[in-house]
Amino acid sequence: MKQKFDIIESSCIPLPLENVDTDQIIPARFLKATTREESFFGENLFRDWRYDSEGNPKKDFVMNDPSYSGCILVAGKNFGNGSSREHAAWAIAGAGFRVVISSFFADIHKNNELNNFVLPVTVSPEFLAELFDSIAKDHSTRVRVDVPAQTVTNLATGSSEHFELNGYKKYCLMNALDDIDYLLTQKDRIEEYERR
């Protein structure tokens with residue numbers, strides 16, 4: 001969903017697992033879907049971890065624990081590796097996440113998130129470990145992601161880090177523009193170029 005990004009402050013859902021691949025994010029059987037409804041993919045985010053074979057929520061999975069909430073997913077190292085399916089980013093966005101924090105993202109998945117208005121924030125392993133620790137101690141721990149300043153802050157400890165963000169993608173996120181929307185904002189300049 002297109003929303004302008006500025007400062008996002010939220011509690012977090014922790015997923016302290018490394019090497020979470022796109023098949024775990026959204027299993028391959030959902031790639032045959034003919035819908036692009038965000039809710040469909042969001043409901044099936046981490047499907048095999050969230051639900052048993054009968055479709056009942058698994059009580060031991062973090063997204064089924066009511067003590068956790070928020071629009072920030074905190075994930076272990078190497079998040080989104082595996083296939084290049086864009087459906088994984090659709091599922092993350094469809095579940096209501098606006099930010100994913102990890103110490104490393106697979107490149108294609110990182111770009112898919114950006115293209116679907118989910119901000120991947122890469123932090124140091126030390127910052128990530130501290131954040132997991134803060135969330136474990138207090139499930140309501142809040143994080144502030146300042147997109148204009150490109151900083152992420154653990155409000156429980158005050159620790160903060162700068163994160164990298166491509167200037168073009170930053171502009172698009174802050175103005176709720178996808179690639180086509182951006183091109184349309186440049187229509188007059190493109191037409192002027194064509195005239196010359």
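Colleague: Where in the chain is Ala176 placed?
Modeller: Ala176 sits in the loop between α7 and α8 (179-185). Helices are DSSP runs of H or I with at least four residues, strands are E runs of at least two, and both are numbered from the N terminus. This is a predicted model: local features need pLDDT of at least 70, side-chain atom pairs count only at pLDDT 80 or more, and totals for chains, interfaces and linings use all residues. Numbering starts from 1 along each chain as its sequence is written, and side-chain values use heavy atoms, leaving out hydrogens and water.

Colleague: What is phi of Ala176?
Modeller: Near 55 degrees, a positive value in a residue other than glycine. Most residues other than glycine have a negative phi.

Colleague: Is Ala176 buried or exposed?
Modeller: Ala176 is buried, with a relative accessible area of 17%. Buried means under 20%, exposed over 50%, and partly exposed in between, using a 1.4 Å probe and protein chains only.

Colleague: Which loop holds Gln150?
Modeller: Gln150 is in the loop between β5 (142-146) and β6 (151-154). Its phi is also positive, near 55 degrees, and Gln150 is buried, at 11% relative accessible area.

Colleague: What about Phe117, where does that come in?
Modeller: Phe117 follows α5, and its phi is positive, near 60 degrees.

Colleague: Staying with α5, which of its residues are buried?
Modeller: His109, Asn112, Glu113 and Leu114 are buried in that helix, which spans residues 107-115.

Colleague: And what do they pack against?
Modeller: The buried residues of α5 pack against α1 (22-25), α4 (87-94), β3 (99-102), β4 (119-122) and α7 (167-174).

Colleague: Different spot. Where is Asp21?
Modeller: In the loop between β1 (7-15) and α1. Asp21 is partly exposed, at 22% relative accessibility.

Colleague: What does Asp21 touch?
Modeller: Leaving aside residues up to four places away in sequence, Asp21 touches Asn81 and Gly82; contact means heavy atoms within 4.5 Å. The C-alpha atoms of Asp21 and Ser83 are separated by 7.7 Å, although these residues are 62 residues apart along the chain.

Colleague: Which helix has Ser134, and is that residue buried or exposed?
Modeller: Ser134 belongs to helix α6 (residues 125-137) and is buried, at 8% relative accessibility. Beyond residues up to four places away in sequence, Ser134 touches Thr141, Asn154, Ala156 and Thr157.

Colleague: Now the whole chain. How many helices and strands?
Modeller: Nine helices and seven strands. The radius of gyration is 18 Å, close to the 16 Å given by the globule rule for 196 residues, so the protein chain is as compact as a globular protein of that length. That radius is taken over C-alpha atoms, and the rule is 2.2 Å times the number of residues to the power 0.38.

Colleague: What share of the residues is buried?
Modeller: 44% of the 196 residues.

Colleague: And what share of the contacts is between residues 24 or more positions apart?
Modeller: Such pairs account for 63% of the contacts with a separation of 6 or more.
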